[in-house]
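The model is shown first, and the description follows.

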Amino acid sequence: MPAPIPEYLLERIRKFLECRSIDGIDRLEPIAVRKDRCVVFLYHLGTSYAIKCYAPDEQADYERERDFYDRLLPHLEPRNKLVWLGSDDETGAALFLRSAGRELREKDIDRRLVQEATGFLLALNSDLTRQVQLGPAKDACRSVADHLHLITHQVSHLYRLAKSAGPQFQTYLIEELTPAWNDTLESILMQFQTAGISPEQPLEPEQLVFSPGEFGFRNALLTPQREVIFLDFSHAGRDDPARLICSFFGVGQLSPKMDYWDYVIQEFSSLPFLDQAFAVRARLLLPAYFIAGACHPILNFFELLNLRSSNILLSDVILKSRRRLAKALNTV
């Protein structure tokens with residue numbers, strides 16, 4: 001069950017809805033409540049809405065998602081996206097038409113859904129949409145060094161968490177995750193040196209893609225017609241195509257199988273503005289994103305729960321992390 005909605009968030013939602021002549025604040029259905037933000041559903045006069053309320057310190061996230069919906073998605077067909085009904089800068093809230101659908105399961109992810117996801121990404125980067133002005137994605141990468149610094153920062157953040165966590169997590173971090181990252185980092189740098197690609201060489205601005213941000217089937221709904229609707233564009237913006245592709249395959253528990261890697265790379269190769277080395281760069285960076293995927297469930301665990309929560313839950317999270325770690329070591 002989601003946590004109850006704090007009163008100060010209710011007040012912001014109430015103010016947001018009043019401006020749109022929508023009542024029913026007492027009928028809100030909390031879906032996700034984390035820190036100072038939430039997602040809620042509301043049924044009003046025969047229409048189902050979804051309301052997303054951002055935390056005060058997430059202004060940049062709010063603006064990225066607002067700009068993505070306002071500037072870029074209107075150029076796309078309605079398929080694969082939520083219906084955006086507007087937002088309010090003062091309250092930091094956004095209103096969507098609620099779509100029928102459910103969260104995806106691992107068994108749902110087949111070639112057709114991967115094709116659908118890839119088609120969505122290519123549509124975001126068509127000749128028409130390339131004229132749209134959009135800022136950088138959150139933690140956008142312009143060079144190989146940017147990718148490696150980003151994931152190093154994630155591992156370092158786990159070290160800071162370890163100071164307050166129990167011995168089970170500390171042992172996993174010190175004996176397994178950190179050595180795996182050090183080995184992976186060394187191997188990646190050697191392979192880029194062999195390939196003659198400088199880690200510090202930045203991409204030109206026109207070689208970046210429009211990225212939805214934390215893109216993947218974990219941020220999606222499957223409709224009764226078995227079409228995918230993608231959600232959560234708060235990290236959206238211009239980014240290295242290698243980061244978009246590697247995150248799609250490497251981060252989150254609902255990533256596609258590697259069987260589809262060549263297909264996605266081939267489809268991206270049709271984008272004429274990409275640099276010639278994007279496929280090599282993505283393949284060499286993939287193990288680093290499996291490490292990022294190993295960090296992901298642990299970071300989520302500590303964000304959602306108290307550090308002293310059940311050791312049984314933490315054991316399950318470490319098991320999920322360890323599976324991603326194995327992928328990294330097998331891919332280097």
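## Helix 6 and helix 7

Leu-244, Ile-245, Cys-246 and Phe-249 of helix 6 are in contact with Trp-261, Val-264, Ile-265 and Phe-268 of helix 7, where contact means heavy atoms within 4.5 Å. These contact residues comprise eight nonpolar, no polar and no charged; Ala, Val, Leu, Ile, Met, Phe, Trp, Tyr, Cys and Pro count as nonpolar, Asp, Glu, Lys and Arg as charged, and the others, Gly among them, as polar. Helices (H or I, at least four residues) are DSSP runs numbered from the N terminus.

The axes of helix 6 (residues 241–250) and helix 7 (residues 261–268) come within 12 Å and cross at roughly 160°, so helix 6 is roughly antiparallel to helix 7. Axes are lines fitted to C-alpha atoms over the stretch in contact, with angles from 0 to 180 degrees between N-to-C directions; under 35 degrees counts as roughly parallel, over 145 as roughly antiparallel, 65 to 115 as roughly perpendicular and the rest as oblique. The crossing of helix 6 and helix 7 is right-handed, the near helix being turned clockwise from the far one by less than a right angle.

## Basis of the model

The model is predicted, with local features requiring pLDDT of at least 70 and side-chain atom pairs pLDDT 80 or more, whereas totals for chains, interfaces and linings use all residues. Residues are numbered from 1 along each chain as its sequence is written, and side-chain values use heavy atoms, leaving out hydrogens and water.

## Helix 3 and helix 7

Helix 3 (residues 111–124) packs against helix 7 at an angle of about 25°, with the axes 10 Å apart; helix 3 is therefore roughly parallel to helix 7. Helix 3 contributes Arg-111, Val-114, Gln-115, Thr-118, Leu-121 and Leu-122 to the contact, and helix 7 contributes Tyr-263, Val-264, Glu-267 and Phe-268. By class, there are six nonpolar, two polar and two charged residues in this contact.

## Helix 4 and helix 5

Helix 4 (residues 144–162) and helix 5 (residues 167–195) have axes that come within 11 Å and cross at roughly 170°, which means that helix 4 is roughly antiparallel to helix 5. Their contact has 17 nonpolar, three polar and no charged residues. Among them are Val-144, Leu-148 and Ile-151 in helix 4, and Trp-181, Leu-185 and Phe-192 in helix 5.

## Second largest pocket

Among the residues lining the second largest pocket are Glu-106, Lys-107, Pro-256, Arg-323 and Lys-327. The lining divides into three nonpolar, two polar and seven charged residues.

Conventions
Helices (H or I, at least four residues) and strands (E, at least two) are DSSP runs, numbered from the N terminus. On a 1 Å grid over the protein atoms alone, a cavity is a set of points where a 1.4 Å probe fits but cannot get out, and a pocket is an open set with protein on both sides within 12 Å along at least five of seven lines; lining residues have an atom within 4 Å of a point.
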